[in-house]
Structure formats: C-alpha cells, structure tokens
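Biologist: I'd like to learn how to read a structure like this. Could you walk me through a few features?

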2 protein chains.
Amino acid sequence: MQPSQALDLSGERFVVVYHLTGAAAEAAAKARDICLEQTVEFPDELVPDGDIRAHILGRVESLEPLANARFAARISYTIETAGFELPQLLNLVFGNISLKPGIRLERLELSPRLLRAFAGPRFGRAGLRERLGVPQRPLLCTALKPMGLSATALAALAHQFALGGIDIVKDDHGLADQPFAPYRERVQRCAEAVERANQQTGRACIYMPNVSAPADALLDHARFAKAAGAGGLLIAPGLVGLDTMRQLADDEQIALPLMAHPAFQGSFVTSADSGISHYALFGQIARLAGADASIYPNYGGRFSFSHAECNSIVEGTATPMAQIKPIFPTPGGGMSLARVAEMRGSYGDDVIFLIGGGLHTHGPDLVKNCRHFLSLVE
Amino acid sequence: MQPSQALDLSGERFVVVYHLTGAAAEAAAKARDICLEQTVEFPDELVPDGDIRAHILGRVESLEPLANARFAARISYTIETAGFELPQLLNLVFGNISLKPGIRLERLELSPRLLRAFAGPRFGRAGLRERLGVPQRPLLCTALKPMGLSATALAALAHQFALGGIDIVKDDHGLADQPFAPYRERVQRCAEAVERANQQTGRACIYMPNVSAPADALLDHARFAKAAGAGGLLIAPGLVGLDTMRQLADDEQIALPLMAHPAFQGSFVTSADSGISHYALFGQIARLAGADASIYPNYGGRFSFSHAECNSIVEGTATPMAQIKPIFPTPGGGMSLARVAEMRGSYGDDVIFLIGGGLHTHGPDLVKNCRHFLSLVE
C-alpha cells in the first residue's frame, strides 16, 4: 500500500501493561498481534508505511518474563488513537483482544495529555468525606433490602440505619423500578426518612438510590433523586455502560457522589489468564469513569476475591493519575460486624465498609446494631 | 422477620438455565445460592415469609447432571423482579453471580409477558434483506480500515467496495472521532461515496458508521448519520452498554438497522466454566438489545471460537422468542475469500460474511476482489 499522508499527531504515547501466557516466542507473537489488532486491525503486510506504521500502530516497548510462566508486555499507543473519550479508550486497550485468550490487561499508564480529557470522580475521597462530615475514620454503608419490600418498608429501614449512625444508605442494586417499590415513590420516601433521621441525630447521612436504569430514563432518574434530596447515586457500570457513569459524573446539574456497583462485571476478573486485573477494573477504570467509591466483594466473604486482589484494588483507587482523584475502595458481600476490626487492620481508614445482611443478623434492634458498627470504627 | 405484605404479582415466572461446576452437593448449593444472590441478596434465615419467600426468591426448578462433570440448573424468577427493562433483567440473571466462579449463564427461557416488554431488532433478517434488495443469498460486509486514513481515503475505499457489490460497508470499530478522520466528515464522505456507487450499479449497498461514542454524543451521532444518508449503524454494546443499543433500536426517528460489534465483550465467553454462553450473549441477548446483526469471531480465523460455539450463536440468533425477530449471525475476523465456499456450507444463506483485511490481500484491484466475493455467493 502507498504511504499514508502525514498525520497531525502530538507524538505523545501512553502505555498499557498486559500479562501474556505462553513461552517466550508465543508471548512475543501475542504482543506483536496486540499492536495490530487493537489499532489498524490489518495484516502486517498491508499496513501502510509512513505515519500509520510509525505512529498509529501499537508498539511493544518491552517484554519481560514474570515469575508465574507469564510475560509482561508494555505496549504503547499514540494518544490520538484513543480519541480522548472513554468508549474508544476502552476499545483501544482491550476491545478485540478481550476475545483472545491468554491476554490480561494489567495496568494503564495513561499520559498527562490523555488524562486531561477525563474529569474523573467529582468528589473523590476528600469530597465525599466533606459531604459526610467524617474527616478520618472508615465510612459506613449499608443497603436497603430485600427486594419485595414496599417503598414504605424500605424507608423505615433507611430511617433506622440513619438513626444508628450509618453514613451511606444505598439501595440494594436489584431495586430498579419494580411494581412493589416503584423508583420515584421509593426515592422520595427514603430520602425523606434519612433527612428526618439527620434532623434527629445532627449527622449527615446520605441516601443513594440505584439509577442503573434504562438508557432513556437514567438521567431523569438521577435528576429526580437530586430534587428529592438524595445525597448520592448508586450505579452499576457493567449494566448501563462505563461511559454512562462518566456522563453522570460530569453532569454539572446532577453533581452527586457516585458509588459504582460491580454487577455484571465479574467475567472480566474470573480468569487469572484473561480479562482485566482487579486493580485496573475496580480501581483505575472506575476512577476514569467517574466513580467516587468502587464496590467489590471483600476477601473472605461469600465471593472469591483473594486478599491480594482486594489490596490491588485499594492500590488502583489511589495510584497517581494526574488530576484524577483517589476514590474509596468499598469492600462488601457477606461481611459481618465481627470482621470490622480485622478489616480495619487491613484497609486502614480510607475505606467504606459495606455491610448488608450482616447488620440484620447481629441482633433484633437495627438501630443498636448500627451504633455498634459505628463504635467499632470510632 | 415478619411476613411481608401481599404483593401484586402476575404469578408468571421465567427460566434461566445455568451450568454449574462441582459435584452434586456443591452444584445444588450453588443453585440455591443463586436464588438468594440474584433476588433478595439476603441470608436465607432473614428472608421474610409470605410473598417474598414464595415469589420474589428465585426457585430451583430442576438440577440435572451433564456429561462434562457439570450440572444444569433451571432457575425461575418472577417476571416482576426483572422490572420489564433490560438493565435489571441482565442484573437479575447474571449481575452478582458474574463475580462467582463456576456459574455459566447458558440459556434464557423468557416468558411471553416479559418478552412483550422488548421490541427487539427493528428489522431482523427479513427487514435487512428487504432494505438491501437481497432476498436469499448470504450478505456481504466489509470494514473501512486501517485507522489513520483520512475521511477522504476511507470514502474512496467505501466507493470501491460498493462498486464491487458489497452489501454493507461498515466503519472499522476503532474509527471513533479521531482527528485523522473526524466522525462527521467521515460519515458524510462515506455515505456520499456509497450513494454515488449505488447510482452507478443500481444496487442498494448501505454504509454503517460506528456510533460507539460517548453517552452524551451517541444519539446525536446516530441522527447525524441518518441525515447524511447512512443506511445503518455499527455499535459495540460492550463499550457503550447493551441498553444503549436497545435505546438506539427503539428510537422511532433514527430507525436504522444495527450491527452489534463484540469489542470488550470477550471476557464473558473466554472461560468454559463461567460467564455467559456464546448462544445467549451473541444470540439471545443481542436480539433483546435490538441488534439486527451480531458480529462474532468466526471459527478458524485469528480468534479462538470453535465451530460448535459459532453454530450455537447461529441458533441463538433465530431461536423462537415470541415477537423478537431472528437476526443475522455475522462471522468475521481473519476471514479470506478462499474460505467462503466452506463457510457457506456451514452457515447456509442466512448469514452476513464479514471480510476485512482478506479483501485487500486477494489482489491489487479492490473492486475486482469484491466482485469475486459476490460471485462466490451468487
């Protein structure tokens, strides 16, 4: 093919670290294949000389053996190929190769100019702490459940949780707009219940309704929540799209803290050989997509994340990414009050502890159970 | 807990078939766990008696051993728990359990009343054939590439493809809104080039630009494409959200055929033990979400799908789902003209053959290569 025209490129590149299975030759072939597959998607011999071959094509910067019979490939891309937008950035770093086994996206090393295209979380750790009036200790979160309760019953629970000292009362992520607790009625009642409790306690508990709604209703749901007094929003980017969460975070009128729920994202992390690392998915990518808190299943709960994987998520929530703020790791899933001391030892103070069912099993009085939860971190 | 109030439920349930790893006792425990995890997300002992326990909770309808040391669990859910919307349906059938290993969503058996909530593909196989004026043979598709070419150069390619007899000329899915070929200029030039070719040939080739754009720009991009004369749209639901594709399909003003691209969806299918089956993801779910054609990597290409997996996708694109139309399986990825005869033997006529780079390697004259491609199916 003839050389392509000269392209007006910045010359800035960014790096993605992939872990590749296979012996040295196979890993090297995989790395070269990624460079083609993720950019020109063309057989090597057809790639035009000139700027396309020199700059558009991905580039293997290094390939190093790892301890576990894998290789770490650092592959760089020209920032313009990412289009300065999240869907194409995700596509560039893992679109087609998500379909090829033995390639795991391990870490993003985005360059300053590319990072400037993303506002990231609006609040981050510091902003959320300020909203809640909690400068230092771990934040406490619980979920309204079970599905099937009426809006009135859920609001009664919300009131008790807020009275007891929970900082964030969120919808269970399965609460959508079902007939037994319709979205608008639920949001109005729960926001009101939490506000009433705040007036009793002097605290600043916030209610986060679930806005993982159909695409045509989602922003309306968020605006309704804001008007009703909700102090934040729960959203599952796996269900509605990572860039939809980003849109919500960037919306100047809505401007509420966002908590990301991992529903439907598990397949990215269930294989050690393929997919996306916990660090990148629940840390870096959640931040790029505007989450202020990132929920994930805690080690030792009813899911299967290891302690090391959870630690890597914590790292991903705070690793330097230019102006993109650090966010709260939010371990949950089968947690109990009995584990809070140990979890605090592991996570320290910059964490949101999400305890759902475990708050109900501790004793018959929910308010008391919440007070006990609070006493464990104060 | 006290019995819940009586809920106003239809009594209609639908079934999801999961494949579970493990011996009989472990599989049975997994099946029971799914019933809790996906609905009430509460410890069993806390689930209120009454309608919540009787109806909201998932129910194991059967558990049967499979040949490969797995079990097939048929689990039913009350249709109201799915909220009659796609994000919550996806959440209900696979949200949290995507995070648990050894559970694979194999097949959806949605009930009539739940299916009525979804319009599905606007065109389907018959509607797309009518648009293209091709009543019987396989449809031919190619992609504009490589990334880095200008809008003018891409339009020149589009013109040649359309002249040669390609039915659908789509953007490569990595073409977003990059500076080297900005979206609007590209769409205008390529739509015009295809229309010019149609006037020369008397054919009805359509151009499908890639609208996998940021959430705030996507519908505008689609409307712009329609106004510019694009005959369809390419969208990657893994990048922008399945329900965003559904929204696009349901939009009465846009009303264009949609081709779904599998970028960023591969992690759902890379493990045989976890994730979602090829049949459900690229067949049933793509249809529920409004795709008229579903792209996936063909067996024997540069990806790793097996022949059996590809056959299962074909089944999923046409299995009866009430009013939801059958759609076109669209195998691609490293295909060549040399394989068309064999692929036709496997796929028959109701298929779209997507050949990208392979059309360029066949010989120096693109128009001739396309004519040859067409001659292989006419």
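This is a predicted model: local features need pLDDT of at least 70, side-chain atom pairs count only at pLDDT 80 or more; totals for chains, interfaces and linings use all residues.

Biologist: Is strand β5 of chain A buried or exposed?

Modeller: For burial, go residue by residue; under 20% relative accessible area is buried. In β5(A), residues 139-144, six of the six residues are buried, so the strand is largely enclosed by the rest of the structure.

Biologist: Which strands does β5(A) pair with?

Modeller: For pairing, look at the bridges and the strand directions. Three bridges join β5(A) to β13(A), residues 352-354, and the two run parallel. There, A:Leu139 has A:Ile352 as its bridge partner. β5(A) also runs parallel to β6(A), residues 168-171, with four bridges, and A:Thr142 stands opposite A:Val169.

Biologist: Why does B:Ser294 count as buried?

Modeller: Same cut-off: buried is under 20%. B:Ser294, in strand β11(B), has 2% relative accessibility, so it counts as buried. Leaving out residues up to four places away in sequence, its contacts include B:Phe282, B:Ile327 and B:Pro329.

Biologist: And how do α3(A) and α10(A) cross?

Modeller: For helix pairs, check distance, angle and handedness. The axes of α3(A) and α10(A) come within 9 Å and cross at roughly 145°, in a right-handed crossing. A:Leu86, A:Pro87 and A:Leu90 of α3(A) meet A:Leu242, A:Asp243 and A:Arg246 of α10(A). Those contact residues divide into four nonpolar, two charged and no polar.

Technical notes
Residues are numbered from 1 along each chain as its sequence is written. Chains are lettered from A and ligands numbered from 1 in the order in which they are written. Side-chain values use heavy atoms; hydrogens and water are left out. Buried means under 20% relative accessible area, exposed over 50%, partly exposed in between (1.4 Å probe, protein chains only). Two strands pair if DSSP finds at least two bridges between them. Contact means heavy atoms within 4.5 Å. Axes are lines fitted to C-alpha atoms, for helices over the stretch in contact, and angles run from 0 to 180 degrees between N-to-C directions. A crossing is left-handed if the near helix is turned anticlockwise from the far one by less than a right angle, and right-handed if clockwise. Ala, Val, Leu, Ile, Met, Phe, Trp, Tyr, Cys and Pro count as nonpolar, Asp, Glu, Lys and Arg as charged, and the others, Gly among them, as polar.
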